[in-house]
Amino acid sequence: WAARPRADEEREAMLGGQQENSTHGSLQRHLSLFDLVCVGVGATVGSGIFVLCGLIAHDYAGPATFISWAIAGVAACFSGICYAELAGK
C-alpha cells in the first residue's frame, strides 16, 4: 500500500511547477465521488421537502404562507450572496 501524497505535494503536481501567490491565501478545490453523490442526494431530498411543504400549505394554510415563503426567499438570497463572496476571494 502506497502512502497517499500530502496536500502540498498534490498542489505542486497540479500547478506543474508554477509558483503560487504567497500573499493571497487560497482554498483547495477537491470533491470526491462520495461528495458529489451526497450533493445529488441532498438536492433530491431537499426538493421533495419543498414540494411537500407546498402541498401542505395549499391544503391547510392561509395567505400568510406567501409572506412566509417571501421571507425565506430573501434569507436564501442573502445566504447565496455570502457564499458568492466567499467563492470570490
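**Exercise 1.** Determine in which helix Leu 33 lies, and decide whether Leu 33 counts as buried or exposed.

*Solution.* Helices are DSSP runs of H or I with at least four residues, numbered from the N terminus, and Leu 33 lies in helix 2, which covers residues 33–60. Buried means under 20% relative accessible area, exposed means over 50%, and partly exposed lies in between, with a 1.4 Å probe and protein chains only. Because its relative accessibility is 68%, Leu 33 counts as exposed.

This is a predicted model, in which local features need pLDDT of at least 70 and side-chain atom pairs count only at pLDDT 80 or more, while totals for chains, interfaces and linings use all residues. Residues are numbered from 1 along each chain as its sequence is written, and side-chain values use heavy atoms, leaving out hydrogens and water.

**Exercise 2.** Classify Cys 38 and Cys 82 by accessibility, and state how many disulfides are counted.

*Solution.* Cys 38 counts as partly exposed because its relative accessibility is 39%, and Cys 82 likewise counts as partly exposed because its value is 45%. A disulfide is a pair of cysteine sulfur atoms within 2.5 Å, and by this rule the count is zero.

Terms used:
Helix = DSSP H or I, 4+ residues; strand = E, 2+ residues; numbered from the N terminus.
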